[in-house]
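Here is a short briefing on one protein chain. Look over the sequence and the structure first, then read the points below.

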Amino acid sequence: MKKMLNYFFIVIFSAAFPLGCISSSYVHLKGLFGFHGIKFTILRYVIIFCVLFILTVLMKKNNVYLTYYVPCITLLITLIGALDHFVFERILYNYSYFLWFASSVCVANAAVFLGATFSFKKNYDKFYYYFWSSFSMLYILILRVAFIRDFGSLKSINLKPFAGTMKFIKLFLTNQVTDAYIILVLLGNMFILLPLPFIMLAIFRKPNHLLMIPTGLIIPFIIESAEYLFSNGNADIDDIILNSFGFIIGYIIMNLIYKYKLTPPGNGGVNLLKSAN
């Protein structure tokens, strides 16, 4: 009975994870882009996150399967997304379309990673290494599409902290904003650098504080300066603040995971990632 239940969860997860990654695409295919209701979008992502988180926890005994399956699907979806955006230009050619696609993949991966972090007692080190090694490919693709765009004529700068963000929040609280794309951009600015500390830990095998902290705080300035100099975006102090905030949150969580999951008591402080690859 337990073996049958195990197989059942494997089948369900094997279908649920890739479907969760591409959950926003059906909206584009039906030509409904631009009409994402905020409540509907939030509910959809919450459902995807909760379902995958619960399935991951239930599959903690199948951690070896998840260790290999999740990275493979993430790499496959990354390849498909890159080919469609840069080569075939059928669905994800548009910058906004791609952001919706990337947000779904990130939500699905976040659910699996957190579920594994909370539940895995064995092989977590290998899962961590494989997960972030594969996600780094998706992350590079997201950064490439988000920040390296064609030069344009848009050249503006805002040096007043939280001016634009507070204006948006007021519009949101008074129900004057109905398109969830605006929320996607705001949350994207907040979380775009959050994965960076995890990827750097997978690369260096231990927290390199002298490199991580300056990198996370300098990158937002480089991004906004480039957007202004090359006229392909709005240089906004809010973006720098949100980018840095997201990196700090990721940096704190990464250190907690390193301390309590990757260097367990009795291991002499040796990082388990050293043997993960």
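Predicted model: local features only at pLDDT ≥ 70, side-chain atom pairs only at ≥ 80, totals over all residues.

Arg 44 sits over the face of Tyr 45, 5.2 Å from the ring centre.

**Around Tyr 45: Ser 103**

- Tyr 45 is also touched by Ser 103, once residues up to four places away in sequence are set aside.
- Leu 184 is touched by Ser 103 as well.
- Ser 103 belongs to helix α5, which covers residues 95-119.
- Is Ser 103 buried or exposed? Its relative accessibility is 11%, so Ser 103 counts as buried, the cut-off being under 20%.

**Aromatic rings**

- Tyr 124 is a member of one aromatic cluster. The cluster also holds Phe 113, Phe 120, Phe 127, Tyr 128, Phe 131, Trp 132, Phe 135 and Phe 198.
- The count of aromatic pairs comes to 23.
- One of them joins Phe 13 and Tyr 69. The pair is edge-to-face, with 6.2 Å from centre to centre and 65° between the planes.
- Why does this pair tie together separate parts? Phe 13 lies in helix α1 (residues 2-21) and Tyr 69 lies in helix α4 (residues 63-88), so the pair links parts that are 56 residues apart in sequence.
- Phe 13 and Tyr 69 are both buried.

**Helices α9 and α10**

- Two packed helices are described by the angle between their axes and the distance between the axes.
- For helix α9 (residues 196-204) and helix α10 (residues 209-229), the angle is about 145° and the axes are 11 Å apart.
- The crossing of α9 with α10 is right-handed.
- Which residues meet here? From α9 come Leu 196, Pro 197, Met 200, Leu 201 and Phe 204. From α10 come Leu 211, Met 212, Thr 215 and Ile 219.
- By class, this contact has eight nonpolar residues, one polar residue and no charged residues.

**The chain as a whole**

- The protein chain has 11 helices and two strands.
- Along the sequence, these elements follow the pattern α-α-α-α-α-α-β-α-α-α-α-β-α.
- The protein chain has 277 residues, and 45% of them count as buried.
- Among contacts with a separation of 6 or more, 78% are between residues 24 or more positions apart.

Note on methods. Residues numbered from 1 in each chain as written. Heavy atoms only, no water. Phe/Tyr/Trp six-rings, centres within 6.5 Å; stacked < 30°, edge-to-face > 60°. Helix = DSSP H or I, 4+ residues; strand = E, 2+ residues; numbered from the N terminus. Buried < 20%, exposed > 50% of the residue type's maximum accessible area, 1.4 Å probe, protein only. Lys NZ or Arg CZ within 6 Å of the ring centre and 35° of its normal. Axes fitted to C-alpha atoms, helices over the stretch in contact; angles between N-to-C directions. Left-handed = near helix turned anticlockwise from the far one by under 90°. Contact = heavy atoms within 4.5 Å. Nonpolar A, V, L, I, M, F, W, Y, C, P; charged D, E, K, R; others polar.
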